[in-house]
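This briefing is intended for use alongside the sequence and the three-dimensional model. Its points are grouped by topic.

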Amino acid sequence: MDVATEKKQIPEIKGLFTWPSDELHLIAGTCKTCGSRFFPRFYSQHAPGCKKRDVVDLILSNKGVIKSYTIQRYAPPTPCVDLSPYAIGLVEFPEGIQVPGIIMGKDFDKLGIGKKVEVVKGTLLVDQEGTEHLTWMYKLL
Ligand SMILES: [Zn+2]
């Protein structure tokens, strides 16, 4: 991409996925106290009663499988980009964690439980300086 036309992109929330990277991976955590795996890594209520003394990064695979999904037909709150209608899916990763997220595209007939998706960057909002604020999204394979 031409440097002059390249848009600035930043994660809306740091620490949710590997960045910068060509292949996005969600950053989950494994609790060394109780063994729970959870996303996001900084989630504080991962297991009842656990004091969470020692959590290590668990970098999830770039691909997962749709376990459930639905179509949203209303716009997200401003200033988010209006993607409506859009699909939200619950995706299971090989590491045993399910993470919800927006599934890109409008070809809803192709969605289905068991379909494979890839983790990709998606634009959540664009600020007044033109900077794109990113989140993770899923793309059907
Ligand atoms: Zn724990």
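The chain contains zero helices and nine strands, where helices (H or I, at least four residues) and strands (E, at least two) are DSSP runs numbered from the N terminus. Its order along the sequence is β-β-β-β-β-β-β-β-β. This is a predicted model, in which local features need pLDDT of at least 70, side-chain atom pairs count only at pLDDT 80 or more, and totals for chains, interfaces and linings use all residues. Residues are numbered from 1 along each chain as its sequence is written.

**Overall dimensions and packing**

- The C-alpha trace spans about 45 × 35 × 30 Å along its principal axes.
- Of the 141 residues in the chain, 23% are buried; a residue is buried if 20 or more other C-beta atoms lie within 10 Å of its own, exposed if 12 or fewer, and partly exposed in between, with C-beta atoms placed from the backbone.
- Two residues are in contact if their C-beta atoms, placed from the backbone, lie within 7 Å.
- Among contacts between residues at least 6 apart in sequence, 51% join residues at least 24 apart.

- Two strands pair if DSSP finds at least two bridges between them.
- Strand β5 (residues 63-72) is antiparallel to strand β6 (residues 86-92), and seven bridges join the two.
- In this pairing, Q72 stands opposite Y86 of β6.
- Strand β6 also pairs with strand β7 (residues 98-103), in the antiparallel sense and over six bridges.
- E92 has Q98 in β7 as its bridge partner.
- The hairpin of β6 and β7 has five residues between the strands, and G96 there takes a positive phi near 90°.

- Strand β2 (residues 27-31) and strand β4 (residues 55-59) are antiparallel and share five bridges.
- Five residues separate β2 from β3 in their hairpin, where the turn residue G35 has a positive phi of about 85°.

**Nonpolar core**

- In soluble globular proteins, nonpolar side chains tend to be buried together.
- A nonpolar core is a set of buried Ala, Val, Leu, Ile, Met, Phe, Trp, Tyr and Cys residues joined through C-beta atoms within 7 Å.
- The largest such core here has 23 residues, and L26, A28 and W136 have the most contacts inside it.
- Two or more residues of this core come from each of β2, β6, β7, β8 (116-126) and β9 (132-140).
- Beyond its neighbours within four places in sequence, A28 has contacts that include R37, F38, L58 and I97.

- G15 is located in the loop between β1 (9-11) and β2.
- G15 is classed as exposed because it has 12 C-beta neighbours inside 10 Å.
- The C-alpha atoms of G15 and I27 are 6.8 Å apart, although the two residues are 12 apart in sequence.
- Excluding neighbours within four places in sequence, G15 is in contact with I27, P40, R41 and F42.
- E132 belongs to strand β9 and is partly exposed because 17 other C-beta atoms lie within 10 Å.
- E132 and G122 are 10 residues apart in sequence, with 9.1 Å from C-alpha to C-alpha.
- Residues up to four places away in sequence aside, E132 touches K7, Q9, T123 and V126.
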